[in-house]
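Open the model in your viewer and keep the selection tool at hand. The tour moves from one selection to the next.

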Amino acid sequence: MQYLSLENVSRSYGDKVLFKNVNLSISKGDKIALVAKNGSGKTTLLKVIGGEEGSDGENAKIIISKEIKTAILKQDPAFDPKATVLETIFNSDNEAIIAVRDYEKALNANDDALLQKCVTRLEDLKAWDLEAKIHEILHKLLLTNMEQKTGEMSGGQKKRLALAKILIEEPDFLILDEPTNHLDMEMIEWLENFLQQPNLTLFMVTHDRYFLERVCNEIIELENGNTYMYRGNYSQYLEKREARLLNDAANLEKTKKLFSKELEWMRRQPQARSTKAKSRIDDFYEIKEKASVRLNNDDMKINIQASRLGSKILEAHSIVKNFGDKKILDGFTYKFKKGERIGIVGQNGTGKSTFLKLLTQEIKPDGGKIVVGDTIVFGYYTQDGLVVNEDKMVIDVIRDIAEYIPLDKGQKISAESMLERFLFPRPQQRVLVSQLSGGEKRRLYLLTILMKNPNFLILDEPTNDLDILTLNVLEEYLMDFPGCLIIVTHDRYFMDKLVDHLFILEGNAVLRDYNGTYSDYRELKKAEEREKHEVKSEIVNAQTDEPTKSKASFEQRKDFARIEKEIKKLEEKKAEITSKFDDASLSPEKIMELSKELDNIQTQLEEKEEKWMELADLM
């Protein structure tokens, strides 16, 4: 069954052609991704499909099947600012979702008669699985405060709310614009597994290459206004794209030779203007246009000569760091070696950014000391991004650092040429920083770091706002970087490709030193979780000689449901507070306040869980 059909869809802004004559068909079960450089028109194409923008030309056709339920996730979703998270989630015409909503309200109202009625309705609709699914989705996406007004939410919270609402509605066809933005690694992995369901049909824009590898069965590339389709996942896309580029280069060489021959004929200015001659002249201009095409060169090889590394690199001796009662590190000791590549992993609030600031001596430890070698030159790429006068031209931002940059073998490269290698063509170098896109500003910021000739690179979320093609060339550069490298990122593919050693911050000053890739670590974690689950199952089985009927009364069942709900709310609140510790601007007073609140929640959780266990035995 065909879900979506596009015929001759085009869109331009002035002289800039985003895409032209796009033809696309999506059928049931397809999982298709759209990739392109920043500014190429990916989001615009999704807007045209969703009806937010029109297509150029009278022959364009956009057909979405009316027999299916379609949902679109936008980059910047909008909600009624006065509505709560709960009201937004359950604002639906789906009968089962309405039944779950009424059950949640009855549970909060503590109305036995209404609760019994809602329980019966859920059972009639067989909606208990949906109720559990809704709680799972909200829990996984850290939507913690159900009474929060959407007008008070951050952009990231709104994006997660929009994603949750779409997944809860269970549509047949999902159109997703950067679904992994504002998600941490665990959320991304959960969403990846969720979207692998065979009954879901997808069309999405994403820069997450593991999504492309594990979820998609077709990739469409948008380049210079044209679309190229590749069957298969990300690995197959890379192979087929390389083959296409080699073929394009060969054809371009043939076309240039033909153009030279025809140009010589044109310069002879034939007097006769026969029909055949006129036809050849028309062909000449067509050949000229094809010969003038410049193939995209995504090569960003920048063989900067890193500053010399001495024998002493960076040493941490018995480092202790606390914020009030919250422990970040307790006795951390490590000596960095030449050429080390380390990834920093941990949930929000475990202190990843604090760890980096301790290493660079931006903040001081409460105990122990950091010793930095005399030859170390840090290049520190932070989440804050580029801080520069936005009325400056791009070229001036680079020249303020250096007119020339030293390369290997005593050579040097100019600021202009360096910008070109960073995919900033000469005309764009004259534009103001304020006119750059988010991804272009990130690229420029990264260049300002590298131009300082560092030998110890620290990259805190360098992949945010970068498109896949830029990520690929950045990885190629970093793979050849001769100095030390530390990376914090939610991009699992980026992490796997560049580091083989991890520091895992597990919270409460626990730091695990793990030799291996991030994927290796995740497999280890899954094995540990399976082992814990098996041990618990064995204990339960040992305690239960034979199945027994539930001895719980309706009142106890009601208490069980209420306490279970309260535990979930407390866990969500705990996660929300924990995430706030990741804000480097928190004052010591605020940290103390949050720590006390966290302790109070933990105490309540332990009490509720104890009561829950008692009731679970009866259930």
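**Across the strands**

Select K321 and look across to strand 11: L329 stands opposite K321. Keep in mind that this is a predicted model.

The 3 strands make an open sheet, ordered 11-10-13, with antiparallel pairing. Which strands stand at the edges? Strand 11 (326-335) and strand 13 (367-372) do. Each has a single partner strand, so one side of each lacks a neighbour in the sheet. From one strand to the next, the twist averages 20°.

Select helix 11, residues 352-359. Helix 11 packs on the sheet and touches strand 10, strand 11 and strand 13. Its direction makes about 135° with that of strand 10.

**Helix 15**

Go to residues 438-450, which form helix 15. Its 13 residues should span 18 Å at 1.5 Å a residue; the end C-alpha atoms are 19 Å apart, which agrees. Helix 15 is mostly covered, with 11 of its 13 residues buried. The buried set includes E440, R442, R443 and Y445. Show the surroundings: the buried residues pack against elements including strand 14 (378-381), helix 13 (415-421) and helix 16 (468-479).

**The cores**

Select L141, L167, L174 and L195. In the largest nonpolar core, of 59 residues, these touch the most other members. Zoom on L167: beyond its neighbours within four places in sequence, L167 contacts K133, I137, L174, W190, L191, F194 and L195. Apart from that core lies another, of 44 residues, with V345, A402, M418 and L419 among them.

Technical notes. Residues numbered from 1 in each chain as written. Predicted model: local features only at pLDDT ≥ 70, side-chain atom pairs only at ≥ 80, totals over all residues. Heavy atoms only, no water. Core = buried A, V, L, I, M, F, W, Y, C linked by side-chain atoms within 4.5 Å. Buried < 20%, exposed > 50% of the residue type's maximum accessible area, 1.4 Å probe, protein only. Contact = heavy atoms within 4.5 Å. Helix = DSSP H or I, 4+ residues; strand = E, 2+ residues; numbered from the N terminus. Expected span 1.5 Å × (residues − 1). Pairing = 2+ DSSP bridges. Axes fitted to C-alpha atoms, helices over the stretch in contact; angles between N-to-C directions.
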